[in-house]
Each structure stands twice: as structure tokens, then as C-alpha cells.
Amino acid sequence: MIGQRLRLACAASLGVAPQAPLRTWLLRLLVLPPGQERAWPVPLQRLAAFSVALLIRELDVRNPRQPRDWLRALLLQPSSQQRGPSPLAWLALRLWQRLPQALRTRILLLGHRVAGFDVIPHLKRAEGSSHQLLDHRFAGNTLIVLGGAALLVAASTPFELWQQLMVFLCMWVVSLYVRRLPGNAPALMLVMFSLFASARYIWWRLTQTLGLQSGASFTLGMGLIAAESYTWLIMLLGYVQNAWPLQRRPLPLPLDVRLWPTVDVYIPTYNEPLGVVKPTLLAALGLDWPRDKLNVYLLDDGRRDSFRRYAQECGAHYVVRSDNAHAKAGNLNHALGVSKGEFIAIFDCDHVPVRSFLQTTMGWFLKDPLCAMLQTPHHFFSPDPFEKNLGTFRRVPNEGSLFYGLVQAGNDLWNSAFFCGSCAILRRAPLQQIGGIAVETVTEDAHTALKLHRRGYTTFYLGMIQAAGLATESLSGHVGQRIRWARGMAQIFRLDNPFLGKGLTLFQRLCYGNAMLHFFYGLPRLVFLSAPLAYLYFELHIINAAAATLAAYVLPHLVQANLANSRMQGRFRHSFWAEAYETVLSWYITLPTTLAMINPRAGSFNVTSKGGLIQRNYFDWGISMPYVVLIGMNLIGVLLAIPRLLYWNTYEGGTVVLNAAWTLFNLVMLGTAVGVAAESRQIRSSHRVPLCLPASLYLPDGRVVHCDTEDYSTGGIAVRLPSPLTLPQGALLHVAISRGGSEFAFPCRAVVAVDTRIGLRLETLSDEQEKQLIACTFGRADAWLDWTAGIPQDQPITSIGEVLAFGARGYLQLARSVVDAITARRLRRRNAAAAH
Amino acid sequence: MDFDPQNLLGVYLGAAPPPEHGLASCAVRGTSWSETALISEQQVRLLPHGKLSSAERHRFEQELAQQPQWLQQRLAQIDLGDTAVCLIDAARAPSVYAEQALAAADCVLLVLGSDLPSFIAARELPWSRDGRPFAWVLNRADPRRRLEQDLRVLMRASLSEDAPLFVVHRDESVAEAQAADQPLAEYAPHCQATFDLQALGTWLLGLHHATAPAA
């Protein structure tokens, strides 16, 4: 009855016959019958009428029904009387004009205020006598407790699904705005958001999602939650560690040179060729420091005569010992007994210091008598295997730049800058007090710093590149080095755990703890790389949650962490590269760290070899095999997802999609890992460093051409001429470069000339000339000044694009290598058959 | 202005043979020197020294010794205008010519050969700077020589600190440009000597713009 009446009423208002077919109903719902008009809703009508009336008044439209008058009013000047706009319209107009400007000013003001905020802790630790910030122990601890309680409340408050989503949405929108503000306070705000999102996630995971079926899914589920808790902890520690990176500047030295202390420079070497050691030795001898207060020691564990002769010729002390106990650490400790200087500067034999190294760094030791160690960055002017094989050299920050750009500067705030074994200065007295360089572990450097901190000494970090060296050439070498670090850190964690024992502040414990725990990422990363397979293969639910709920919790966690890290680390590590770097190393690091945890005293020191040549392109099958296997497993997982989505598990499509997406992400990371394993050929044995300086080129006929240098290496210099020039083939030339007030000429021959660019190969130089060449090139104080200037700030979207592209390239290389391998085998077989 | 009895500046600017008449010859013979100025192809105006016999030169030098301001007075007679720069190429010091030039100059360029004797001579030279702008010019420098480094270190250490040191490299292009009768900057625009001289010229022009009265 009612239905019938409703139907009739609807038919009347839509203008259709009640018996009309559905098609007509639908049509009339959207299209009116001819001649009929439907009225606007009343509020809209009112608004429109008001606006039109206002426009007519303001524009002075003569006859509102005539379109012509509207046009005239809009395009031409008002005709007759000069009437000011009505107050309302005036206000609207002003607001419209002023709003962006006003907002902009507010934003800028806010930005300045926020930036001004930054100075306070800086002044305390970077300028003042060191510990004021950490001295307010009571205030600090209260803050920590309050903050922790607030975080706990925020994490444990139950939300409906939509509430959780809305909170995330608000946070995300605010973050997108906040991340553009200058200064460090906005970064802290993003960290807070990230902490909130991640704490909610991990709380939810721990309390709501662990109701798993017993058996395999329980075991795997527990493994996953352990891995996630580990990552969460590392993230938290990382935020503490990097909360406020200090931008320490050099302190000037006293004008009276007599007050400058004596410095010994140690250059330990074991099996490196003389060609690698020479530049370092010459640059160390060329350091700007009073001659009678600088002694250079070449510590040769290889006991080679050529080294002895060379050191003595160029004025360095040559030191050998009877055994090679404790490798580098033992070598340095032996030298401590030989030399007498108040300070000890240590350079690995391939780290060439710039002339200003001592003058830039020593000021801090004179300012703070408790300072026992000052570290400067390790800088590499050749590409590491990642940069070389992926072609990202100087475009994407490399693996080390996060540590030296951010982590050490962050450590510095908490007085826990680590000693990194090279490019650092130590004060002799504290070092001897702790018994010299630590020998218990394979990472003697970090352990030495830990011992110094336990004695209450301070350490500083000065983030200015004051020395540069060669990066490890091949992936296997790189991996070997990281394995050593990981094992050493695990050893320290077992033998001298920073969380236990006396003498450290809470934050020092946290910083050291993070540095060590950080190296246990291997196993968790492998868990993440294989976790979705448990579902895709065996339909094991290792997370007990609906896909939508999982997404509502995990997305804020991931997105906010990305935003916070992108802001904090943006200049030193681009988004998603951490995953790529970790993925490559995870397999190799897992075993050594685990073994070192079980038996910290086992194992020996392995020397990282450098300066090698990779003769041809090749694919390092040995090193990439674990990843090839993982790729295969993940590929099968993706394939299995298709029937699961379409036939087998149609009732839980969300879960299938989520796991498939996770697997795809893993595949991208694995692709990058495999891409790194494809070693590209390295032609030149000495790396070219860009350098633009005025120079003069002396031709054999006595003419001198003014030109600019383009790059240099230990064996040659490339110059750009102002105009093309025909040079006599193989004639002896000289290239002169000035440095300070002096000008140095080096004999050379032209080897390649392309247009106006000429590659010059240096002739055999005298010792004096070699010293001058190092002073003009690697030893220049400004040699590495703008090195990172060209690397852009992180853009998460661009970055994910890059990682995707590298992943794809990795697969292409893998496919090519597979084809190559098969072809080679077939050829071999055919040859063998022919031989029979 | 060529203020060297060798009378060779005209040759460098493209006048061959050396001009007969000039400032000195007219002064000695009592004729007017206002007609003796030359203009080179590159619009450089030159007042030559003029050829003197041996007796004439002695007389001229005596006159100069008696009137230390002689050159300054002659210069004052020339209507140079506010924007002109007058470069006096004086004979090697110590000589009456160098003394006259030093007395007349607003700015002094002391040109040294790239060897130890000329450095010592320059250091011993008695003259008062009187707050005038002043620069050292190390001529025919050659960093390929082993002594060169030491010489420059020595120079920087012992010469007055506020005076810049300009280096003009020994460059075959200079001699070739003279032989080709072309200005160096046209003959070899990219050679090191051109570059060095341009640096010196830039410094001089900068001084000139700083001291010249605003137009």
C-alpha cells in the first residue's frame, strides 16, 4: 500500500508513467523531459541570487538581462559614477589578495623561530666546555620517564579501524607540511609522529595479532614478530642517536706556534704496494705544522726494504716489530712505545690527508683537556662496489655517508663519537691509560673509544673531510670488510657490553648499543625477505589479523618512519637505499655475527685489499647465489599468489594481495642486490678526481699555454685548453700548477687529446716532485670541499623510482648472465665431444 | 712614455726603425716635443725617447740630475684628461731615469728578473713609497727551474706584504709576437704571458677606477 503510493509519488516528481519500464525510470532520473525545469535547492538559490546581486552592484551592470551589458561591465571600465566597492566585497578582495602573502610570512616566521630553537643544544656541546646538556641528569631522566609514559599511553589507546585511519591521515597531512620547515625541531616533530605510529603498530602487533595456531605458523609468526621488534628497537635507538646532529666547526689555534703540541703521525701498513702508501706518506710529511713538532712514522708489518729506503729518503721514521701480533692494533701499540709525541694522528696507508688536517682539528684538543679522540670522516674518491656497479657514484649518497654525515654527528651530541681507525687524532696519555689500542676484538677502533668513554674522557667528531682514500674495489672485498665490522661489533657486545659496566651515561650506552645491535640486521632482513612466502606457499597465517586492519596499522608505521628518516637522513641516505644496502649484506653478515655472539674469541683479522683492478665485466655468482635462490623462491610465491587470488583463497583476497605486494617489494630489493653483484669493468688503476684549477702547459718549442685542469690521479692530469692545439706526438711537455704562492711544474707526455681536452701522463717524478704533486692535488686543503655538493636531497618518490629501476636492471643482468653461463657450458660440452 | 735611452718601446709597438725624435731628443735640442708622439695600430699613444748621440745623452742626464722633478713637470704639461693612464717605461734602476719616473709616478710597478741578483738589487733599491700603490712584477718566470720555488718563497717572505706579486711567465709567444709585429694578445690570445699581463692590467685598471674622480 505504502510502496504503491511512494511509487506513484516518485513517478509524478520524476515525470514518468508509473508503469514505464526501468530504462525510462533511469533515464528520467538523470535527464529531464523536454520543457520541464527542476528548481535548485533553496540555500544554493539564495547564495546564487546574493552573488549575482552583488556582482551587478559592484560591476555596475546596466541591464542584468542583457548579456551584452554583462560583457561590457566585465571587460570595460565602469562607465559613470566612481563608487567604492561595498565593504563586504572589499574585504573579500583584500583577503583574496593578501591571504597567500600573510600565510607565507607566518610560515617563514614560524620557520625562523623553529630554526632559532636549534642553536641551544649546539652551543652547549659544540662551543661550551662539553657536558652541560648531559649534566642535568635529573631533568633529563624526568623527561625520559614522562615521554615514555606518554608514548605508552598513546600506543595502547584502543582505536576503531576508522579512527586509526583518520589519525594517520591527519598525521600524514601535517607531516607533509612540517617536513618543509627549516631547522631540526621539525625533524624532531616528524620523529615524534613516527614514534607514535610505530609504537601503536608494535603494541597492536604484540597484543592483538599473536593468537596464532600452534605448530609451524606459531614458530614462523614468533620469528616475524621478533624480527619486527628488533627493527622497531633499532629505529627507536636510531632516533635517539641522530636526534640532534652537531655541526661542529674547527676551533682556531693560538697564534703563538710555540703553544702547539707535538704530533706523531702513524701510517700502519702490512701488504699494500708502495704506490698506495707513497701519497699518504708524502701528504703526511706535507701537513701544515711546525717541522720540529711533526714526526711521521711508517709502521711496516711487512718489513720491506723498499719501504725502509723510501721512508728514510723522504724524511719519515720507519718502524718494524718482531712479530705481527694483533695485526693493526698491535702495530700501533708497538709504535706507541717508540714515538714520543703528545698526540697521535692515525691514517690508514691509503688515506691521504689534506695539508690542513692538523690545523683544523687540533683546536678542540687545546680547548678541552679531557678530549681524548677526534674523528674526521672517511672519504672515498673512488666508487665503492654499489656505486660502481649501479652507476650511482656521486649521485646517490653511498653506504658510508650516513655514518659519517649523520650518525657520528648525532653521536657527538651524546659525547659518544666513535674512533674509526683512521683519519683521527688521539691524545697519548688517555690512550696509554687504557693500555693502548684495544686488541680483544677485530674492530679495535670502536672498542678503544668505548674504553676511553668508560674512563670519562670526551671524544669529538668534526664532519669536515680532511683525508681521502680508495674505496674497496669489488663486492666480495666490500662484503668482507662489513663482515669484519659486524663480527667485531658482536664481539664487543659480548666481551664489553656497553649496556653493562661502569662509566657510561645512559645515552652513551644507547648510542653504542645501537652501533652494535645495528649489525645484527642480517637475520631479521632474511626473515622479511621470506616471511610472505609462508602464506603464499603453505597458507600459514603468521599474523592473526584482517588484511585491512593490518594495512591501517602497518602503513602509518612505514610511511611516518620513511618521512622522518627522509627528513633526518635525506642528505646522507636516500629512501629505500637502506633496504637495498642491507639486503645485499644480510646473508653474509648473519653467520659471522651469530658465531661471534656464541664464541666472541674465535676468528682472525682479515685485511681489506684495495687498489685492485677488475679486468672484465663479470657476474659474481659465488656471492650472489643466496640471492638468486631467494629470488627464485619469491618468484614462485608471486606465481602462487595468482591462483590463490582467483581460485583457492577468494574469501581472503586482501591477505593474498598484501602478501603478494610484500613479495614484489622483496623482489625489487633482491634485484638491486643482484645488480650490485654484476661487477662492471674497471679500466684505470688510478682513480681520477675532478679538480678545476688554472694551470700552464709548457710546449717543447718554448710556448706556454694557459689552461685549466679537469681531473687528476696519481699517474696523470687532464687539462682543458682554451682552443684546440696540435701537439707533437709523444713530446715532452710540462704542466705547471700553482698552490699558495708557489708554482710547480711536472714533466709529462700527452696520451689522449679529444677536442680541447688533453690527457697527460706524468713522467717519472723525482721524490721532491712527487711530494709537490701530492701537495697540489690530494693534499690541497680544499680538495674535497664541494664533494657532496652535487648530491640532491632525498625525494622519497624519486628514490623509489630509482630503486625500482636498479631492481629491473639487476634482473636483466641476471638473465644475461644465465644465458652466458648456459652458452658457455654448451660450448664446453661441444668442445669436449669434439675432442673425443 | 719611453723613458729609456735604449729607445726600444716604439719598436715593441710596431715602429721600425726606432723613432728619431722624442721627449729627450727635443729637450736636448730645445725643440718642441709636442709633435713627436706616435699612435700605434691598436690606438696606443707613445711618446718616444728619441735618438741621442753620446754627448747629448750625457748632457740630458746631467740636466735630469739637476732637476729631479723634470719628468713630473713635463707630464703636467700634457693634457691627459681624467681617464687616461700614462705608463712610463723607465730604464733599469739605479739611474736618473728610474729616479725621475719614481718621483713622477702615482703607482709603481717594480719589474724583477727571475733570478737572485735582481731580487737582491730590488730589495736594496733606495726609494720611498709614500703610500703609493705598488706591485712587484716577476718577469720571465719559469717554474720548471729548480731554483724558482726557492726564489718565490724568498720573495714572498721578504718583500713588503701589502704589495702584490705578479708573475709573468717566460713564454716564447712574446718573442714570436714581436717578430710578427703583432700585439701579444692578438698573436697568442691563450698563451700564459697574455694571461699574466691581463691579470696585471686588471689590477691596474681596478686601481685606476678606484682613484679616478667620478665622471
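Does A:Lys278 count as buried or partly exposed, and at what relative accessibility?

Modeller: Happy to, and please keep in mind that this is a predicted model. A:Lys278 counts as partly exposed, because its relative accessibility is 22%. The cut-off matters here, because buried means under 20% relative accessible area. A:Glu770, at 18% relative accessibility, therefore counts as buried. The side chains of A:Glu770 and A:Lys278 meet in a salt bridge, with N to O at 3.6 Å. As a general point, side chains of opposite charge can pair when their charged atoms come close.

The count over all chains comes to 28 salt bridges, so let me set two others beside yours. One of them joins the side chains of A:Glu582 and A:Arg525, at 3.1 Å from N to O. Here too the pair links distant parts of the chain, with A:Glu582 in helix α24 and A:Arg525 in helix α22 (residues 522-538) of chain A, 57 residues apart. Both A:Glu582 and A:Arg525 are buried.

Helix α24 (residues 577-598) of chain A also holds A:Ser586. With 0% relative accessibility, A:Ser586 counts as buried. Its side chain reaches the backbone oxygen of A:Thr583 at 3.0 Å. Leaving aside neighbours within four places in sequence, A:Ser586 is in contact with A:Tyr521, A:Gly522, A:Arg525, A:Leu526 and A:Tyr627.

A:Arg720 pairs with A:Glu710, and their closest N and O atoms are 3.1 Å apart. A:Arg720 sits in strand β15 (residues 716-720) of chain A and A:Glu710 in strand β14 (residues 704-712) of chain A, so the pair ties together parts that are ten residues apart in sequence. A:Arg720 is partly exposed, with a relative accessible area of 33%, and A:Glu710 counts as partly exposed at 26%. Salt bridges that share partners join A:Glu710, A:Asp711, A:Arg720 and A:Arg757 into one network.

For the setting of these pairs, chain A has 28 helices and 18 strands. Of its 836 residues, 50% count as buried. Among contacts in chain A with a separation of 6 or more, 77% are between residues 24 or more positions apart. Chain A exposes about 40700 Å², and carbon and sulfur atoms supply 64% of that area.

Nonpolar side chains shape part of the surface as well. A:Leu639, A:Ile642, A:Leu645, A:Leu646, A:Tyr647, A:Trp648 and A:Val657 make a nonpolar surface patch of about 770 Å². Helix α25 (residues 621-648) of chain A gives the largest share of this patch, six residues. A:Ile642 has its place in helix α25, and at 49% relative accessibility A:Ile642 counts as partly exposed.

Definitions and conventions: Residues numbered from 1 in each chain as written. Chains lettered and ligands numbered in written order. Predicted model: local features only at pLDDT ≥ 70, side-chain atom pairs only at ≥ 80, totals over all residues. Heavy atoms only, no water. Patch = residues over 30% accessible without salt bridge, like charges linked within 9 Å, V, L, I, M, F, W, Y side chains within 5 Å. Areas by Shrake-Rupley, 256 points an atom, 1.4 Å probe, with all protein chains shown as cover. Salt bridge = Lys/Arg side-chain N within 4 Å of Asp/Glu carboxyl O. Helix = DSSP H or I, 4+ residues; strand = E, 2+ residues; numbered from the N terminus. Buried < 20%, exposed > 50% of the residue type's maximum accessible area, 1.4 Å probe, protein only. Contact = heavy atoms within 4.5 Å. Polar contact = N/O pair within 3.5 Å; in protein donor to acceptor, adjacent residues only side chain to side chain.
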